[in-house]
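Please look over the sequence and the model shown below.

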Amino acid sequence: MKKRYIIGMFIGRVLFCSCAKDAALGPDVSLERDYVLPQGKSPQADGRIVDLYEKYGSYFLYDFTLLDLNWNQVANSTSYKLALGDPTYAGDMLDLLEKIWFQYYPQEFHKKYMPYKILLADSLILQQSGQLKLKYLNTGENVMAIGYCSDTLRKMSAATKLAFKNELHKQLWNIWTYSSMEFPDEFFKVSDYSSPASKDNTSENYARARGFIKNLSTVFNSEWSTASYLTDLKDYLKTDLYTFMLAMTTRTSEAWATDIAYPLVKKKYDILQEYFLEKYNINLKQIGDATYE
């Protein structure tokens, strides 16, 4: 939930209590923005960044600190280091985000679900097990840090753009699937969640025959539905949903061909595709089929 909604609910409760008690209201209080826009270092992007804030209520920042990355609604710390993005290429960064993100979702959807802060970085370094690993994306419910804001943007290959699009949508749907977003109940009525599926493609209990697909968010393309540890029905349902949302926004129609030949997989695919078109005017198939130059 974006910060402005939290503030709005708080103010609403205060006003309600005040009115209920017939207490006199004090003078109007204007809420200040968390950041001053424009930041003033990118003539090519500053006006667009202000427009994005006015349109979606989200801050796009190229001048920030590590505290901005670590901030959340609850205390949070990370082992990230970052290199600030070069303001010279902030306009190029926005162009890329328009191609791989903004264009696929309507304004009202962005206003409700876009992270509160999008930090335009050069790169992010994550320290794990004593080793430093270079990363280009970090997300949370209210903050997203995106790398590549450098001269790399003007040399980026089509394959890199596509890989970055897929990683971006993987992270976004990881947030949205586990949020308060509404999903179709019909999706959860297709498969039987009472027992693990099988990896044996000759079995009637085979995962695809049951309507389950691989979890593409893991390195090993895991057959998550065959795991015996999934005993919590709620976790089972959410994992199934996220697996489909990730695949629908990162896999092409051609890549879907084998899985979708199984009737229950196709039924769940069609339910999600039709639901998001009707409710949100989002074409998941279009996102998955995206190509770049």
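## Charges over rings

A charge counts as sitting over a ring if NZ of Lys or CZ of Arg is within 6 Å of the ring centre and within 35 degrees of the ring normal. In this predicted model, Arg251 lies over the face of Trp256, at 4.7 Å from the ring centre. Lys268 does likewise with Phe187: its charged end sits over that ring, 5.1 Å from the centre.

## Overall make-up

The protein has 293 residues, and 45% of them count as buried. Its secondary structure comprises 10 helices and 6 strands.

## Aromatic pairs

How many aromatic pairs does a search of the whole structure find? The search returns 31. One of them joins Trp173 and Phe276 edge-to-face, with 5.5 Å centre to centre and 90° between the planes. Trp173 belongs to helix α6 (residues 158–177) and Phe276 to helix α9 (residues 263–280), so this pair ties together parts that are 103 residues apart in sequence. Both Trp173 and Phe276 are buried.

Phe244 and Trp256 make another pair. Their ring centres are 6.0 Å apart and their planes lie at 35°, so the pair is tilted. Phe244 sits in helix α7 (residues 233–250) and Trp256 in helix α8 (residues 253–260), 12 residues apart. Phe244 is buried, as is Trp256. Trp256 is also the ring that Arg251 lies over.

## An aromatic cluster

Trp173 and Phe276 also belong to one aromatic cluster.

## Helix α2

Which residues of helix α2 (residues 46–56) are buried? They are Asp46, Ile49, Leu52, Tyr53 and Tyr56. Viewed down the axis of α2, the buried residues fall within an arc of 120°, so they line one face of the helix. Asp51 and Glu54 are exposed on the other side of α2.

Gly57 follows α2. The phi of Gly57 is positive, near 75°.

## Thr231 in its loop

Thr231 is placed in the loop between α6 and α7. Is this residue buried or exposed? Its relative accessibility is 71%, and the cut-off for exposed is over 50%, so Thr231 counts as exposed. Pro196 is 35 residues from Thr231 along the chain. The C-alpha atoms of Thr231 and Pro196 are separated by 9.1 Å.

## Confidence

The average pLDDT of the protein is 85. A score of at least 70 is reached by 83% of the residues. Over residues 4–31 the pLDDT is below 50. That stretch has 13 contacts in the model beyond near neighbours in sequence. Residues 72–77 also have a pLDDT below 50, with 6 contacts beyond near neighbours in sequence.

Where pLDDT is low, predicted coordinates should not be read in detail.

Terms used: Residues are numbered from 1 along each chain as its sequence is written. This is a predicted model: local features need pLDDT of at least 70, side-chain atom pairs count only at pLDDT 80 or more; totals for chains, interfaces and linings use all residues. Side-chain values use heavy atoms; hydrogens and water are left out. Rings of Phe, Tyr and Trp (its six-membered ring) pair if their centres lie within 6.5 Å; planes under 30 degrees apart count as stacked, over 60 as edge-to-face and the rest as tilted. Helices (H or I, at least four residues) and strands (E, at least two) are DSSP runs, numbered from the N terminus. Buried means under 20% relative accessible area, exposed over 50%, partly exposed in between (1.4 Å probe, protein chains only). The arc is that of the directions from the helix axis to the C-beta atoms. pLDDT is the predictor's confidence in each residue, from 0 to 100. Contact means heavy atoms within 4.5 Å.
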